[in-house]
Amino acid sequence: MNTDLRYLHLLSNTYPTVADAAREIINLEAILNLPKGTEHFLADLHGEHQAFIHVLKNASGNIKRKVSEIFGNTIRESEKKELCTLIYYPEQKLELIKAAEDELNDWYRITIHQLVRVCRDVSSKYTRSKVRKNLPEEFSYIIEELLHERTDDQDKAAYVAVIVDTIISTGRADDFIVAICNVIQRLAIDQLHILGDIYDRGPGAHIILDTLRQYHSWDIQWGNHDILWMGAAAGNDACICNVLRLSLRYANLATLEEGYGINLVPLATFALEVYGDDPCEEFIPKVLKDDAKMDDKTLQLAAKMHKAIAVIQFKAEAQIFHRRPEWQMQDRNLIEHIDFSEQVCTIDGVKYPMKSCHFPTLSPQAPTEFTPEEADLMHKLHHSFRVSEKLRKHIRTILSHGCMYTICNQNLLFHASIPLNADGTLKEVPIMGKNYAGRELMSYIGQLVRAAFEADTPAETKAYAKDYFLYLWCGKDSPLFDKSKMATFERYFLTDKETYREEKGNYFKLRDSAEVCDRILDAFGISGANRHIINGHVPVHASKGENPIKASGRLMVIDGGFSEAYHSETGIAGYTLVYHSRGFQLVQHEPFTSAQDAINRGTDIKSTTQIVEMSAHRMLVADTDKGEELRSQIAELKDLLYAYRHGIIKEPSLVRG
């Protein structure tokens with residue numbers, strides 16, 4: 001008996017008899033032999049809520065695959081498409097079908113039987129208890145009966161037929177169909193992994209987070225854009241400015257105004273007063289197809305607001321870089337190196353011509369200081385971010401469900417990179433006077449991020465943690481950035497495009513090496529033949545022949561490419577990854593049209609599935625991290641049985657009796 005006696009006494013409260021302990025051992029042993037649950041990996045959602053919700057509903061094509069396997073050639077392809085669309089959008093699709101279908105009761109009867117078959121398939125890898133917990137209360141008994149009765153038995157077939165007919169005759173068919181479609185969606189995926197970057201570019205980051213808050217099981221590895229919003233919520237003024245600048249750059253104010261109630265009127269007023277006569281040509285927003293109707297007047301106002309917040313951002317960043325000289329980022333304070341008379345900016349001793357040099361709020365004597373009007377504006381913006389209850393709620397959700405990395409079933413998940421030296425060894429990064437590398441670095445950053453939000457954090461640590469969000473966003477050795485610089489100023493103001501170059505860090509240069517990936521996996525304590533690194537962050541240029549599978553299969557890059565801004569660059573809408581009991585499937589997506597198009601015409605995201613790695617045998621729960629946990633529980637329960645049977649512990653029920 002290896003288990004601590006005190007723990008066994010505690011365990012005996014949950015399992016107070018030999019029968020209770022034995023029954024749980026039988027249950028856990030059975031679970032070990034169920035197929036492994038399906039994991040779904042998404043990255044870089046960038047506010048594209050419609051595409052995200054659709055991929056969530058169709059499980060990256062997993063539901064369509066199951067429908068094809070179940071029905072084969074027994075129904076037409078058009079019928080399979082209709083069935084899949086019904087599963088994804090049951091309420092909306094039902095309304096269209098009811099308006100067009102002449103024999104509605106026959107359609108109900110056929111469709112309910114089809115949905116039950118799909119539901120039976122997706123629920124087959126779970127215990128009845130787990131399936132029951134995912135059933136809606138009003139239909140729980142009925143769905144259970146339908147799932148577990150044999151239709152090849154004549155008596156049972158009649159029983160099932162009566163249940164279905166009664167659902168229809170009592171006018172409950174619509175509600176039942178909606179309920180069972182939602183169960184199929186829920187059971188198709190056991191665990192959802194979000195590899196960072198929910199925020200920026202697209203209009204619905206807040207909608208994505210509202211959706212995730214209702215999702216049954218998910219985790220997130222923070223991305224650089226998530227960290228930026230977390231920094232803004234923590235009160236880092238430079239992060240607030242960056243959030244506003246990016247929103248204006250992509251003409252996307254919906255998340256700020258509609259999602260979080262951020263008041264942009266003070267910024268608009270300030271911008272019109274200060275930049276009213278400035279055409280702000282470099283700051284015209286990147287208008288995507290959905291914003292094509294934005295009129296010139298609105299575009300001009302957005303451009304002025306864009307420039308106003310960019311200039312304030314450069315000042316706010318400079319103030320932090322001066323406050324944190326150990327980051328060695330003072331060279332990014334380019335506003336200090338502008339020569340207004342020559343209209344040049346000096347970088348490393350070289351004078352570069354500027355596109356424009358109109359900075360009415362920038363004093364050559366004190367370029368990093370806010371004017372009184374800028375300080376007042378910054379105070380109002382700071383207050384607006386800090387008092388947004390919904391933003392606080394969403395940031396708490398991101399904190400509670402995530403960190404910088406996670407390890408799941410021999411897979412190391414993180415958003416962007418692990419800082420490396422040129423020889424591929426782990427790079428030591430100094431934070432608050434101490435060096436960290438690899439797993440220790442990622443873990444400590446996670447602690448530091450949380451410290452910025454905890455009330456009992458010492459003042460000095462909290463101040464540093466709040467500033468550190470900016471380093472995580474654009475610092476050279478940040479695992480979320482890992483480039484030589486962020487050339488924001490140069491792109492806006494300098495004519496020489498050579499200054500725009502951002503040299504990628506060593507991780508991105510060396511990640512094709514199996515040896516380097518193995519070294520990283522070793523450092524995180526991940527062993528076994530089928531271990532992998534999975535991350536996003538960098539779009540895969542499929543149109544140029546780039547392969548998302550790198551380092552002899554050890555690394556998979558799944559930047560979702562959801563953002564429309566990337567589509568012309570990558571040629572696709574990115575990748576998602578599905579890891580089921582038979583192995584990994586990488587799914588390449590074409591751009592999503594709209595949910596309404598999917599409902600009306602049955603269109604789906606066009607996806608191409610690539611088999612990445614198939615297991616020699618169907619993987620079971622026993623082969624997963626959960627299996628290891630269950631085996632430990634079984635061992636402890638067996639020790640409890642031993643203690644009961646040898647009188648070391650008395651059965652609580654007998655003692656009470």
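Biologist: In which sense do strand S9 (residues 411-414) and strand S12 (residues 532-535) pair?

Modeller: The model is predicted: local features need pLDDT of at least 70, side-chain atom pairs count only at pLDDT 80 or more, and totals for chains, interfaces and linings use all residues. Residues are numbered from 1 along each chain as its sequence is written, and side-chain values use heavy atoms, with hydrogens and water left out. Helices (H or I, at least four residues) and strands (E, at least two) are DSSP runs numbered from the N terminus, and two strands pair if DSSP finds at least two bridges between them. Three bridges link S9 and S12, with Asn 411 opposite His 532, and the sense of the pairing is parallel.

Biologist: In the open sheet of order S4-S5-S6, which residue of S6 is the bridge partner of Val 344?

Modeller: The sheet has three strands with antiparallel pairing, and its edges are S4 (338-339) and S6 (350-353). Strand S5 (residues 344-347) and S6 pair over four bridges. The partner of Val 344 in S6 is Pro 353.

Biologist: Are both faces of strand S3 (residues 218-221) covered or open?

Modeller: Buried means under 20% relative accessible area, exposed over 50%, partly exposed in between (1.4 Å probe, protein chains only). Trp 218 and Ile 220 on one side are buried, as are Asp 219 and Gln 221 on the other. S3 runs parallel to strand S2 (residues 191-194), joined by three bridges, and both its faces are covered.

Biologist: How are helix H17 (residues 296-323) and helix H18 (residues 372-386) oriented to each other?

Modeller: Their axes are 12 Å apart and the angle is about 90°. The contact includes Ile 309 and Lys 315 of H17 and Glu 374 and Leu 381 of H18. Angles under 35 degrees count as roughly parallel, over 145 as roughly antiparallel, 65 to 115 as roughly perpendicular and the rest as oblique. H17 and H18 are therefore roughly perpendicular.

Biologist: Why is helix H3 (residues 49-58) described as largely enclosed by the rest of the structure?

Modeller: Among the buried residues are His 49, Phe 52, Leu 56 and Asn 58. H3 is largely enclosed because the number of its 10 residues that are buried is eight.

Biologist: Which side chain forms a polar contact with that of Ser 60?

Modeller: Ser 60 is in the loop between H3 and helix H4 (62-71), and is buried at 4% relative accessible area. A polar contact is a pair of N or O atoms within 3.5 Å; within protein, one must be able to donate a hydrogen and the other to accept it, and residues adjacent in sequence count only if both atoms are side-chain atoms. At 2.6 Å, the partner of Ser 60 is His 40.

Biologist: Which residue's backbone oxygen does the side chain of Gln 185 reach?

Modeller: Gln 185 is in helix H11 (residues 173-188) and is buried, with a relative accessible area of 12%. Beyond four places in sequence, its contacts include Lys 57, Ile 63 and Pro 90. The backbone oxygen reached at 3.1 Å belongs to Tyr 88.

Notes: Axes fitted to C-alpha atoms, helices over the stretch in contact; angles between N-to-C directions. Contact = heavy atoms within 4.5 Å.
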